Amino acid sequence: SAADRDLGDNSVVQFQLNSTENIPFVINSTTGDLVVSEPLDFERTRSYSFTVVAMDQGSPPLSSSAAVSILLVDLNDSGPVWMQDSYSTDIVENGPVGVSVVTVSALSAGPVIYDLVNDLSRGLAIDANSGIIATSSPLDRELTPNFNVTIRSCDLESLCSNVSLLVTVLDVNDNHPQFSSNQLNYDVSEGIGG
């Protein structure tokens, strides 16, 4: 704000911005209030500098100027960033429940909470704080040869991001050979053979 102690037109002050760059601000020419005219993005521009000119309506007009510096403060406007674009691992079937499969990790300014998004993860569980994924039931490759799981990480401001995990269940020799029938009958003619 600026004031002119003269009387009449000599005391009426008009404001304007003076900048060589395109800035996302406008000024009310009567009050001098500065207003943001478009969204500000810390990642694109971290500060703005320009001049505000205050000019009276006298004859001749008199003016003064003030340098303005605006520093943006970064807000958390994106979800946690995953340490990998995707995760994949193998695990042997029939292992004990609670065996660690993989640890996933995402970075954020504060704590991150993890969870499994889809129901295709039966047999797996995630520790919400550590990101450790472990078996929650015995895995059987003959029933489920792999798991395609979506994992979500969220920060305390409820900004979230997802990553995929492929778990391939490896076979162990846990099935006996089986005949197609319990009884096998063959007719063999005599005189065959060596």
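Trainee: Why does R152 count as partly exposed?

Mentor: Its relative accessible area is 29%. Buried means under 20%, exposed means over 50%, and partly exposed lies in between, using a 1.4 Å probe and protein chains only. R152 at 29% falls in between, so R152 is partly exposed.

Trainee: What kind of model is this?

Mentor: This is a predicted model, where local features need pLDDT of at least 70, side-chain atom pairs count only at pLDDT 80 or more, and totals for chains, interfaces and linings use all residues. Residues are numbered from 1 along each chain as its sequence is written, and side-chain values use heavy atoms, with hydrogens and water left out.

Trainee: What makes R152 and D115 a salt bridge?

Mentor: The rule asks for a side-chain nitrogen of Lys or Arg within 4 Å of a carboxyl oxygen of Asp or Glu. The closest N and O atoms of R152 and D115 are 3.0 Å apart. That meets the rule, so the pair counts.

Trainee: How do you know that this pair ties together separate parts?

Mentor: Look at the strands, which are DSSP runs of E with at least two residues; helices are runs of H or I with at least four, and numbering starts from the N terminus. R152 lies in β13 (residues 146-155) and D115 in β10 (residues 112-116), so the tied parts are 37 residues apart in sequence. D115 is partly exposed, at 27%.

Trainee: How many salt bridges are there by this rule?

Mentor: The count comes to 3. One of them joins R141 and E142, N to O at 3.3 Å. Another joins D171 and R141 at 3.4 Å. D171 sits in the segment after β14 (160-170), R141 in the loop between β12 (132-135) and β13, 30 residues apart.

Trainee: Is D171 buried, exposed or partly exposed?

Mentor: D171 has 45% relative accessibility, so it counts as partly exposed. E142, at 33%, is also partly exposed.

Trainee: Why are C154 and C160 called a disulfide?

Mentor: A disulfide is a pair of cysteine sulfur atoms within 2.5 Å. Here the sulfur atoms are 2.0 Å apart, and a search of the whole structure finds 1 disulfide.

Trainee: What makes this disulfide right-handed?

Mentor: The torsion about the S-S bond is about 105°, so the disulfide is right-handed.

Trainee: Which class does each cysteine fall into, buried or partly exposed?

Mentor: C154 is at 16%, so C154 counts as buried. C160 is at 37%, so C160 is partly exposed.
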